[in-house]
Structure formats: C-alpha cells, structure tokens
Amino acid sequence: MGNKQTVFTQEQLDAYQDCTFFTRKEILRLFYRYRDLAPQLVPLDYTNKPAVTLPYELIGSMPELKDNPFRQRIAEVFSEHGDGDMTLDDFLDMFSVLSEMAPRDLKAYYAFKIYDFNNDDYICKLDLEKTVNKLTRNELTPEEVSLVCEKVIYEADVDNDGKLSLEDFQHMIVRAPDFL
Amino acid sequence: EDKEEDESKEEDNGSQQNRASRRKNYQRKNRDGRKAGEGGSQKKDRGKMSPTKDQKESENKEKKTTKKGKEGENKQKKDRKNSTSSASSNSSDEVSLSEEELAMLMEQVEQKKKLISTMRSKPWRMVKKLSVLREAQDFVEKFEGALGKGKGKKLYAYKMMMAKKWVKFKRDFENFKTQCIPWEMKIKEVESHFGSSVASYFIFLRWMYGVNLVLFGLIFGLVIIPEVLMGMPYGSMPRKTVPRAEQATAMDFSVLWDFEGYIKYSALFYGYYNNQRTIGWLKYRLPMAYFMVGISVFGYSLMVVIRSMARNANESTADGDDENFIFSWKMFTSWDYLIGNPETADNKFASITTSFKESIVDEQESNKDENIHLRRFLRVLANVLIICCLCGSGYLIYFVVKRSQTFSKMQNVGWYERNEVEIVMSLLGMFCPPLFETIAALENYHPRIGLKWQLGRIFALFLGNLYTFLLALMDDVNEKLAEEDVVKNITHWTLLGHHNSSAGNDSTVTPPPLDPADVPRGPCWETTVGIEFMRLTVSDILVTYITILVGDFIRACFVRFVNYCWCWDLEAGFPSYAEFDISGNVLGLVFNQGMIWMGSFYAPGLVGINVLRLLTSMYFQCWAVMSSNVPHARVFKASKSNNFYMGLLLLILFLSLLPVAYTIMSLPPSFDCGPFSGKKRMYEVIQETIELDFPLFVAKIFSYVANPGLIIPAILLMVLAIYYLNAVSKAYQRANAELKKKMQMQRQEEKNKRNNKAGTNPMLQDLDDLLTPSTKTESPPKEAEDKKIESPNGTSAARKAGRGAALDGSPMADRREAAFTPPSQAFVTQPRTLGIRAPYPGPPRPWGHPLGAVPGRGRGQPRY
C-alpha cells in the first residue's frame, strides 16, 4: 500500500475510487495511460487539479479506441463539452463505464447516448443508418440499410413513435445475450 | 434529476425481467432508500421549515425562469448546496435537538451514505459526481458526531469510526485482491487481439489452475508431506523398496521416464504408503487421511464447479430465446468493444456485414424453404459422418488396447509396442478435431453454436477414448487381482520359510530380517493404474506442446520467412497462419482434468504434475497465441456465462467419479501395498476409525445411519424433493412464458390502438396539442408548490417516489405504478389515458445539448 505516488492526494484517490469502478492501482495506471498520450501537456502532479484537456485526435489514437467505429461518438459522449476533448475526469469516467464491472443499466444508458448521434435523446432512423454504416463500413446498399433500420424500429419501438427512446432501448438491450 | 430518471428506469425494467442478483440488491437498496427518504421528508414536513421557506420560494422562482440543460443542472446543484447549508444552519441554531429531528437527521445521513456507496453507478459527469460526493461526505462527517447524546453519542461515534475503518479495510482488501489476480494483463492483451472468445479459454485455464492449486494443497499437505516426514523411510519395508531384480536399472532415465524404478516406489504413488494406523509422534492417521482426501478431492471439485455454474446462471439473463430483437441486437451489440487490433477489427467488420446480409436474406426469403431442406439434409449428413468417425475411433482404440495386452505378456517388445495406446490416442486427438471441423462446415451454424457442437463432438471422441482406455485398464486390474492371489501364497510361504530356517538354525538369536528387496511382491494394481494415468498425462502434455510448437510456431515461421521466395502467396494461400483452436484447447483441458481426478487417488503426485502443466501452458500458450496465430475469420463474442465449459467439466467430473467409486467400493485392495492393505475393502478404514477412535455410541449411530432401511427412505425423500422442486420451477417457467406472451400481446394491442388512433382520429391530436400549453403553464407552479411542501434537504426523496412512477413511458410500468401515483400527477397522466402523449418542451438535456424546445414524447412532467 505504501508506494509513493504524488500524482493525487489520498482524498482524491479515495474520491475517484468512490466514483469509478476502479481500484487505486487501476486509477494510477489509467492516469499514466492518459499522460502517455501527451507527456508534455499533462503534469505529473494532479493534487491541485490542473485544467488540462487532451484533444480528440490523441484520445482516438489509443489502441482501445483506434479500431472502434464509434470512437468519435464515445469521446464526444464522455467529454465535458461534447467535442471529444477530454479531461482526466472524463477519461476516467469513460473507462469506468466501459469496464466490465459497470452494471448493465449504466452501460445501456451510455450506449444509448453513443448511438444517439444527433443528441435528441431518441435514436431515430438517421442515427440507425449512421450506426449501420459505421458497423459495416458502408458495404451495404442504401436499400439494405433502410430495411435494417426499419426492422430495428419495428422490433424495438414499443410505443410506436418511429424512434427509439431510452426506455425502448433499455428494454431491448438488457435482454441481449451479447450485451456486456 | 438524472438520478431520478435512472431509478425510475430501474423500477420498470427491474420488475419485468430477471436480472443478476447484484442488480436486484442494488435496486432493493434504492427502493429502501426511497422509502426511507419518504418517511424522512414526511417527518420534515411536520417539523418547522419556516425559516428556509422564503429562500426556497425564491429559488423556485429562479428555477421557473431557467431553462433545462446544463444551466438547470448547475441550478440544481446550487439548490442542493443551499439546502444542505440551510439544513446545517438550521440544526446549529437549535441546540436541543428533538427526537424527531434526530431520527430524521439519522435518516438523512443514512441516505447520504447510500448515495456515496452507489455513486459509481450514476450516469453523471465526473465533476458532478465528485462534487456531490464531497458534499455528501461533508454532510455525513458533520452530522455523524452530532447524533446521539452522552454515552450513546460516544458509542455512536465509535461505531461510526469503526465502520469507516471497516470500509477502508474492505477497500484496501479489494485493491489487494485485484492485484492478486494472476495474468490479468496477459489475458487482457490476448483479448484485445483475438476477441473475447479466445480470452474465455485463458480465463477458464486460470480458473482451472486455481482449482488445481487447492487440490494440490489438499493432497500434498495432508497426504504426501506427512508421509515423507513421519512415515517409515525408503527401504524399510518391501513396499518401499525397489525389488532386487529391478535395482540394476532403477535409476536409468528410460526406466524413470516410464515411471518405473525409483519413481514407482516413491510417495507419488499409492503403493508406497503403509497401512500402519497412525504414524509419527502426531499419531497421524494416514490411511484415514488418504481416504478422506481422496473423497474430498471430488467433493471440493463438485462444489466448486456447481457453485460457479450457479453463479454463471444467475448472471446470464434470458439466454437469447427472445426472437424479437434479431436486428436490434445485431445492430447494437455486435461490436466487440474489446477489440484493439486492426486485423481483428477488419475481420469483425467483415463478419458483421455478412451477418447483416445473411439476416436480410433470411428476412426476404423466409417463405422459401428449399434452402432449409438442403441445410437439414446437410446437417443430418454431417452428424452421420461424425458418428461414423466416432465409432471408428472407438473401435480402433479398443483394438489397440487388446493388442497391447498381448504385447504386455511378451518379452522384448519395442518402444512402439509399449506406447502404442498412447500414440494412437494422441494421433486420434490430433486428427479427429480438424476432421470434425471440416465436416461441421457443412452445417453452417453460427460460430458460437458451431463451437458448442464441435465441443460436444470432440468431447464424445475423448470420452469414448477414455472409456475404452478404462475398460482395458479394468481388464488389466482383474488380471492383476488373479495374479495377486498366487503371489500372496508365495509371499506367505517365503516369509514363513525364512522364519523357519532362521529359527531352526539358532532359536535364541532373532532371525536376521529378510532384505525388503528380496520379498516377493504382488503386482499392486493400484500403482499400475496410477502409473497408467501418469503416463497418459505426461504424453498428453508433450503432444499438446509439440503440436503447438510444430503446428503453430514452425508453421508461422515457415509462412512468414519462406514467403519471400515461394511461388504462391503463403500467407493468403494454402498453409497461411493457424487460428487459435478454442474447442480443442478447452476440451484438452477438460479431458486432462478428468484424468487428474481419476488418477489422483492412485497417484497423489499427479496433481503436482498437473499444476506445473497448467502453469507452463498458461505462459506457453499465451506466447504461442500472440506470436503465431491470427484472429478468427469470424470473430464472435463469448457470452459472459460460460456454462457450457462448466457443464462439460461437471459431466467429466461425474464420469471420472464412477470408476474411482467402483474401485473403492468393490475391489479388494492389494495385500502388500498401499494404505489399505490387509483390508477387504478400502472403505473399511472408516469403520475401523469409528470403532477404534470414537466412543461406542457414535459407532452405534453410524451403524443405524448406514442401515439400508434408513438410506433408502432418505434417497426416496431426495428424489421426491427433486421432483417437487422441478415441478415448481416448471410452473414458474410456464408463468414466465405466459407473462411474456401477455406482454407481447399488450404491446401489439397498444401498437394497433395507436395506429388506429393516429390514423382515424386527428381531432384528438389537435385536442392534445391544445392541451399542451396549459400543461406547460400549469405545471411549474404546481411543481413549486410541491417543492414548498417537500423537504428542502436536497435529496428530494419524496419527489423521487412520486415522480419515478410517472416518469417512465412504457405502458406496462405505467399501469403498474398508477396505484401509488400521487394526485398531483393526475393532470399529467390524463392525456395519456387518451392514448396520445402530449408533446413536451423537451426531456432533460443534461449535458450541453442545444437548448430550446424539442418536440418529444411527453414523459410525465417537466423537470428542472
């Protein structure tokens, strides 16, 4: 326990542990990951909470996100101003939600946000089309894409308003065997 | 606000489906908290809140003017802060705290604590979480000490301190525990390159290693080490000495490699143990310990496997039996977020595209069924082929085993003849799985289902092999038993003769004992069995490693380096790189574990070898997979509950229990080796212990319990209990299915109704539009009133209770919770009874969304 780390104060670490699903060591590891993205920007001392944000280009180049079709959205959803630039807090938040310890409800909530491309709190047909195209790298024809989207709305839209609300989404997704 | 939403969601989701128990707990906690909060605020109402009322009102006015979104959130936060501070000032003003307020305060503190403990699963920004957390902590800190009076106060403070310490300890322990999980990074690395299905194998391997470590501890700690420390030393008895005839070659490597010579007469095998009742100064009852450890190895394994199966079953939700959401699931859950490798990602993209195309084609041509016929035919054909393969391999093994029995009678047999069984079995294990895989390509299953089939088939193959092997072994044992009778007489006579001759020569001097190496021995079938298992395990290890080395590594090297000077593209063309063979590896592991379970009774050292094997194969396979394998062409996600592996393991555990139980219960142990020599049956050691070491009444009780008259009713009772429980669970299942059907029908009805309404009744819609502004104007003051009445303590628990009910949009939950919707919400729910929802000035927009009214579905009432 007694390893010397001067990045955070003990209170900060405790607070982070309360707010995320991580242990102390993991938080420190994540901090170093964060710092490695831009060693010249991020100070090694976070005790006085410097306001540092890393641009999306750096966040998106992490191996965890590099190949993810939704990396831009993920960064946007978790960043404070919705532009993909992240502070350390946002960064920890993101990994906490994506970690395997996070409950499914929380994940579903953020997944909804991620798939909701135009931020209108509903997943509408445009969002779905975007999702499909990202997933398949535009390999499907427009007809196929729209067919798929219609199917999805038909299946999951409980209240029949032509778009998926958060309730619809959660109702559908918590049943999925693959949803981790 | 967000919290409320979150909880309301939980409410309506939670009751509709089974969820992991963890979640349930969490919900219960929440619900409790809510109830408590309600009670607390009611008390608060009665208490005097007048000093803060004005403040409150002004705040509400402010709130009315502020829009939703970030600003509103800040407001709320401020409100929270204000209320906390006001509450604190309030309490500091009044020096004498009334009972009521105390209780209330206590509840608040409890609530804050709950908030702290559930903080991490709130969908808030980190900044907000941190600030709320700090506030809550400050609050708790501040008021914890203030609670209780005099002695009680001290005690309370002490209790709180201990609780805090305990929390800290738990956290440290948790941190420590996660640090102790071995190979976490290694597995994560593999996972990020190959997807979660490959990682699931390594997780399984790690789990297995843990189980084996415990077994190793049991056997070594309770059997081998006591024997080595306290038992008679090597060479003191015939059973602990290498016979004279073998002594010349006993140290040769080739002999040792076959587990003959000195290894055979060591504590690693059954035969070495003495039948002395107690050994050493501790009076350690070794035969008893040996027997109990043998049983508890099985007991522990069974318990662990079943427990982890039950846990997995709890965690897994409805196992995809819902056919409603094919496309939705494909869309939202097909990406494996753990992929961190461009190559894997490419494969994943390709596979998602194909799967979309497939289901589109399915959807479009669901009426045509000629394809289905062809597919069915192919599947049947594949199964027939595979059954043929299985039968063939079973017969081959049987044949080889028979042959090896004739070989064993002959002298001067070569290396091949001696190891023929192992070689054939290894070859079968090497070549049959790829063959099955080729045949399985006919069937065209989804890879996850395909993997299960493949696993099942190879399992059958291995099982057949194992059982033919066991039958052959049984033949061998029976032969040995017959031989033993003869040898027993010879030994007897030899010893007698030796005594007589020495006694005849000189009766006063004690006869010089016959050298233990010269005493004729029985064949000791137990050690033979142990040696067979040992050999099989070792050859299995070698074959596995060599296969990996040659089939993966050398192949990868060849493909990589010869590719520069070859006539076709080796990487894309024929040999290419190997994929990681999940099914083969998992089954190898399961099968190997079965051998360990079966063999460990007769060869206690086997577990040690297995621990080494698992340890090395963790590193070796991790290395091999990272260095020389490519990701699967069709990457698929392993579902979180790997109960299939566990099911296989349980099956093989049960199957390996059978032969061991049979030998223990119905074969006589060898007369001159092992801890049970001299007894008729092995289990007699228990009876002996009970008779000699326990008071008489225990023996009596035991004899009553062991009476068939008692056992048969007990078994009957168990069968009845199983039947009853089964019936109950069936009934639940039926009820579940019924509910599901009902839900679906309701949903359909709702849809139809809405469609009709929307189509035929535009009037109503207009009416609704007219209704909306009134709602808009009406609700904020109403809200303000609500607020005024309610507690200003910032946690807004009572509001939560009412609002949570009205929040959700799903009709089911609506109906369900209508019962306790407070009257103030009546005007909101009214439009909904008309079947159309009022468009609303926007649901909450927590983070920096564009402000302004967005037409949306009304979800109860405005939030601020």
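Chain B has 29 helices and four strands. Both kinds of element are DSSP runs, numbered from the N terminus: helices are H or I with at least four residues, strands are E with at least two. The model is predicted, so local features need pLDDT of at least 70 and side-chain atom pairs count only at pLDDT 80 or more, while totals for chains, interfaces and linings use all residues. Residues are numbered from 1 along each chain as its sequence is written, chains are lettered from A and ligands numbered from 1 in the order in which they are written, and side-chain values use heavy atoms, with hydrogens and water left out.

Of the 864 residues of chain B, 47% count as buried. Buried means under 20% relative accessible area, exposed means over 50%, and partly exposed lies in between (1.4 Å probe, protein chains only). Contacts are heavy atoms within 4.5 Å. Among contacts in chain B with a separation of 6 or more, 76% join residues 24 or more positions apart.

## Transmembrane annotation

An unreviewed UniProt entry places the feature "transmembrane region" at residues 207-229, 288-306, 380-401, 421-442, 454-474, 601-623, 644-665 and 701-725 of chain B. UniProt positions are given in the numbering used here, feature names are shortened, and annotations may be inferred rather than shown by experiment.

Residues 380-401 of chain B are 100% helix and 0% strand, with end C-alpha atoms 32 Å apart. Residues 454-474 of chain B are also 100% helix and 0% strand. Their end C-alpha atoms lie 30 Å apart.

## Nonpolar cores

A nonpolar core is a set of buried Ala, Val, Leu, Ile, Met, Phe, Trp, Tyr and Cys residues joined through side-chain atoms within 4.5 Å. The largest has 103 residues. Phe202(B), Phe204(B), Phe533(B) and Met682(B) touch the most other members. Helix H18 (residues 447-505) of chain B gives this core its largest share, 14 residues. A second, separate core has 82 residues, including Leu37(A), Leu106(A), Ala108(A) and Ile352(B).

Leaving aside residues up to four places away in sequence, Phe533(B) touches Phe469(B), Leu470(B), Leu473(B), Met595(B), Met598(B), Gly599(B) and Leu606(B).

## Surface

Chain B exposes about 44000 Å², and carbon and sulfur atoms supply 64% of it. Areas come from the Shrake-Rupley method with a 1.4 Å probe; for residues, only the protein chains shown count as cover.

Phe253(B), Trp257(B), Leu542(B), Ile546(B), Leu549(B), Val550(B), Ile554(B) and Trp623(B) form a nonpolar surface patch with about 800 Å² of accessible area together. Helix H10 (253-257) and helix H19 (525-562) of chain B each give two or more residues to this patch. H19(B) supplies the largest share, five residues. Leu549(B) lies in helix H19 of chain B and is partly exposed at 37% relative accessible area.

## Loop residues

The loop between helix H11 (261-264) and helix H12 (286-315) of chain B holds Gly280(B). Gly280(B) is partly exposed, at 34% relative accessible area. Gly280(B) and Glu227(B) are 53 residues apart in sequence and 9.1 Å apart in space, C-alpha to C-alpha. Lys283(B) lies in the loop between H11 and H12 of chain B. Its phi is near 55°, a positive value in a residue other than glycine. Lys283(B) is exposed, at 53% relative accessibility.

Cys524(B) lies in the loop between H18 and H19 of chain B. Cys524(B) has a positive phi of about 55°, although it is not a glycine. Is Cys524(B) buried or exposed? Cys524(B) counts as buried, at 9% relative accessibility.

Technical notes. Patch = residues over 30% accessible without salt bridge, like charges linked within 9 Å, V, L, I, M, F, W, Y side chains within 5 Å. Salt bridge = Lys/Arg side-chain N within 4 Å of Asp/Glu carboxyl O.
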